[in-house]
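Visitor: Could you walk me through this one? I'd like to learn how to read its features.

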Amino acid sequence: MDMPTRRQHRIADRVRKEIADLLAKRAEDPRLHGLTVTGVEVSADLRQAVVFVSALYGVGGSREALAGLEHAKGFFRRALAGRLDLRVVPELVFRWDASLETGDRISRILDELAESDDHT
């Protein structure tokens, strides 16, 4: 797999910022409330953007959140067309990012280990 170009990084960062802004300010679907855009990867041909999302409420609502994002995909693409200076707005693919839950679980395990060491 090739390393992303500077342009891919720049476009991914803009897409991340714009979708995060749209989620915070314009999303009316309750399934989208509380979502965080954790990252974006743009394909080499700039025609696809994989948008990684997570939420504080965890993976429990991921199915509903992803369904809401899929339903709002056209809204996001139209909004991005007006905000980004690109000939072709990338097709959006939404994926759940479980890294926040994984990090939280690891942190709790480490805390429990430290606590058990203190009691021995």
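This is a predicted model: local features need pLDDT of at least 70, side-chain atom pairs count only at pLDDT 80 or more; totals for chains, interfaces and linings use all residues.

Visitor: Which residues make the nonpolar surface patch?

Guide: A patch gathers residues with over 30% relative accessible area and no salt bridge, joining like charges within 9 Å and nonpolar side chains (Val, Leu, Ile, Met, Phe, Trp, Tyr) within 5 Å. A salt bridge is a side-chain nitrogen of Lys or Arg within 4 Å of a carboxyl oxygen of Asp or Glu. Areas are Shrake-Rupley values with a 1.4 Å probe, and for residues only the protein chains shown count as cover. Here Ile106, Ile109, Leu110 and Leu113 make a patch of about 370 Å². Leu110 sits in helix 4 (residues 99-118); helices are DSSP runs of H or I, at least four residues, strands are E runs of at least two, and both are numbered from the N terminus.

Visitor: How many bridges join strand 1 to strand 2?

Guide: Strands pair if DSSP finds at least two bridges between them. Strand 1 (residues 35-42) and strand 2 run antiparallel, with seven bridges. Val37 stands opposite Val53 of strand 2, and Val53 also stands opposite Trp96 in strand 3.

Definitions and conventions
Residues are numbered from 1 along each chain as its sequence is written. Side-chain values use heavy atoms; hydrogens and water are left out.
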